[in-house]
Amino acid sequence: MDLKKRTFAKALSWQIIGFAMMVLIGYVTTGSLNAAGGMAVAAFIAGTVTYVLHERIWERIGWGRLVSLPDENRNIAP
């Protein structure tokens, strides 16, 4: 299970990459840096919120996870 800070850091790093791509694509398609920046900011905010919610929901779903077995070599006092 990830801490909320880790989930947010992952979302932020991914969105920074997406932001750069969105500015580039927006600029190429519109020819306007202002329009490209506006689209990128909107996508950055929406994408970050959606990613964090998506990650937190999946943290609660156990499907597809491997269950770690206890180490039989450890001495555990009763």
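Helix 1 covers residues 4–30, and at 1.5 Å a residue its 27 residues should span 39 Å; the C-alpha atoms at its ends lie 37 Å apart, which agrees. Keep in mind as you look around that this is a predicted model.

The protein holds two helices and zero strands. Here are some values for the protein as a whole:

| Property of the protein | Value |
|---|---|
| Residues counted as buried, out of 78 residues | 14% |
| Contacts with a separation of 6 or more that join residues 24 or more positions apart | 60% |
| Accessible surface belonging to carbon and sulfur atoms, out of about 6700 Å² | 68% |

Which residues of helix 1 are buried? They are Thr7, Ala11, Gln15 and Gly26. An α-helix has 3.6 residues a turn, so residues three or four places apart point the same way. What do the buried residues of helix 1 pack against? Their partner is helix 2, which runs over residues 33–59. Just after helix 1 comes Gly31, whose phi is positive, at about 75°.

Now let's turn to helix 2, where Glu55 is found. Is Glu55 buried or exposed? Its relative accessible area is 18%, and buried means under 20%, so Glu55 is buried. Setting aside neighbours within four places in sequence, Glu55 is in contact with Thr7 and Lys10.

Notes:
Residues are numbered from 1 along each chain as its sequence is written. This is a predicted model: local features need pLDDT of at least 70, side-chain atom pairs count only at pLDDT 80 or more; totals for chains, interfaces and linings use all residues. Side-chain values use heavy atoms; hydrogens and water are left out. Helices (H or I, at least four residues) and strands (E, at least two) are DSSP runs, numbered from the N terminus. The expected span of a helix is 1.5 Å times one less than its number of residues. Buried means under 20% relative accessible area, exposed over 50%, partly exposed in between (1.4 Å probe, protein chains only). Contact means heavy atoms within 4.5 Å. Accessible areas come from the Shrake-Rupley method with a 1.4 Å probe; for residues, only the protein chains shown count as cover.
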